[in-house]
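Here are a few notes to read alongside the coordinates.

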Amino acid sequence: MLWSIIKIVIFLALVVAVTLGATYLLELEGGVRIAAAGVELNLTPLMAVIALALLILGVWLLLKLASLLIAVLKFINGDDTAISRYFDRNRQEKGYRALTDGMMALASGEGNVAMARAAKAERYLKKPELTDLVTAQAAEMMGNSKKAEEVYKRLLQNDRTRFVGVRGIMRQKLAEGQNETALKLAETAHGLKPAHGEVQDTLLQLQTKAEDWAGARKTLNAKLKHGTLPRDVHKRREAVLALSEAREIAEEGKDIEAREAAIEANRLSPHLIPAAVLAARSYLAQGSPRYASRVILKAWQAQPHPDLAAAFAEIAPDESPKARIKRFGKLLKAHAGHREARLLEAELHLANEDFPAARRALGDLHETDADARVLTLMAATERGEGASDVVVKGWLARALGAPRGPQWICGNCQHIHSEWAPTCDHCESFDTLEWKTPPASDVTTSTGFAMLPLIVGSIEDYATEPEPEDVADVVEAEVIDASGDDADTPKEDAPKQ
């Protein structure tokens, strides 16, 4: 609507300008005198301008007639297409001009204008391989998926445009959630252009979503071959795919093949924790505890993890707690002072019932880096040292509302997973899970975790008091102290938080 008003205003301005110009020429004195071959012409200024315009028009017509005459002479001399080329030249100029306008409109987000210009270009050029792409993209911009799919299907009929048609339909199926059809189209597009980076990424994503690990490994190798993936990233992701394939083989009951795949995954990326755990268990199934220990130790040196400690414990399941502490010394020395190593050492001493050593291993973690695991270990240590139920329950109450500590978190969407997986359950991105502590968040809940230590009992204040006969007595005493109804009873200091 606004553009129509602007065009009307421009037209009126031009009419006014022409009128004023003609009026000025009529009022202008003098004129133009032309004398040639004994003929003399006196023209007024207005007539002179009209004569100049007619002269320019005559020259243009003369040039056109000259071009047509040359085309006729060529046709007479045996060039059968000379006259048709002469008339087609004008059509091509108009067609390419319309196509250019359509592309500009498409870049500007004007879908309707782009489709109109593309249709005009098609009438003049008769080259659908040029105009169909503009039409399809304009239809997608306008939300007309049916028209876009119709045009993309026309592109499939030409070898030069088949890839564009397949890729366009593939993107439409992805938007519609038809992943199986999109996967087949992605495979076709990849076969047409193996080096196309976007198609490679789409195919890899669809294959991992469909758990086609063997196909995904082929696609990953293609990305490395064509230089669209760094070698170190390729090695890591190939290990993830090999690990996923090993898990699937194990679920099918093919133990020997699963062991080989797990060992291959660990060889590709020794620092991948789930691969190291699965490879260690595969070595144990083969009766090779030495290799299992070596795999776990190498992964532990890269990043300590409780799953590695659990797999290391499976190497000698029947050993005594004291012998286990001695055997685990390799892991503890590899990362002395690391948080996970301190927690592991505390757990080993608790199993050996050496509670002072467990407390020394924990140190000040309950103050500097407390989470549910740390506070639970403190509760077990207090219980082992003979602390009262109130003290133990105070630690457990704090553990109930404490953070869970490091977890498997997607680096793309920050979604928390209960266990490692090759793809994120939330955003479906591949190889983005990291073992780290989630960001702290202030969450208000109706359960009142912060009040539990007050109800159960304060850790510090009850550490030296005799154990009550019943928890109800503790709650009743806390309520009386808080209300202050008994005037004769002196009030105790509030429990520390």
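Helices (H or I, at least four residues) and strands (E, at least two) are DSSP runs, numbered from the N terminus. This is a predicted model, in which local features need pLDDT of at least 70 and side-chain atom pairs count only at pLDDT 80 or more, while totals for chains, interfaces and linings use all residues. Residues are numbered from 1 along each chain as its sequence is written, and side-chain values use heavy atoms, with hydrogens and water left out.

1. Arg123 is found in helix H4, and it belongs to a positive surface patch together with Lys7, Arg91, Lys94, Arg97, Arg117, Lys120 and Lys126. Two or more residues of this patch come from helix H3 (82-107), and likewise from helix H4 (111-125). Patch members have over 30% relative accessible area and no salt bridge, and like charges are joined within 9 Å. A salt bridge here is a side-chain nitrogen of Lys or Arg within 4 Å of a carboxyl oxygen of Asp or Glu. Charges are placed at NZ of Lys and CZ of Arg, and accessible areas come from the Shrake-Rupley method with a 1.4 Å probe.

2. Next, the cysteines. How many disulfides (cysteine sulfur pairs within 2.5 Å) does a search of the whole structure find? The search finds zero. Cys413 is in no disulfide, as the nearest cysteine sulfur, in Cys424, is 3.5 Å away. For Cys410, the closest cysteine sulfur is that of Cys427, at 3.7 Å, which is too far for a bond.

3. Are these cysteines buried or exposed? Cys410 is buried, with a relative accessible area of 0%, whereas Cys413 is partly exposed at 26%. The cut-offs are under 20% for buried and over 50% for exposed, with partly exposed in between.

4. Two backbone angles deserve a look. Most residues other than glycine have a negative phi. Gln414, although not a glycine, has a positive phi of about 65 degrees. Gln414 sits in the loop between strand E3 (407-410) and strand E4 (416-417), and counts as partly exposed at 39% relative accessibility. Glu211 also has a positive phi, near 60 degrees; its place is the loop between helix H9 (197-209) and helix H10 (213-225).

5. Finally, a pair to display together. Arg359 lies in helix H19 (residues 355-362) and is partly exposed, with a relative accessible area of 30%. Arg359 and Glu385 are 26 residues apart in sequence, with a C-alpha to C-alpha distance of 9.9 Å.

Definitions and conventions
Patches are made of residues with over 30% relative accessible area and no salt bridge: like charges are joined within 9 Å, nonpolar side chains (Val, Leu, Ile, Met, Phe, Trp, Tyr) within 5 Å. Lys and Arg count as positive and Asp and Glu as negative; His and the chain ends are not counted. A disulfide is a pair of cysteine sulfur atoms within 2.5 Å. Buried means under 20% relative accessible area, exposed over 50%, partly exposed in between (1.4 Å probe, protein chains only).
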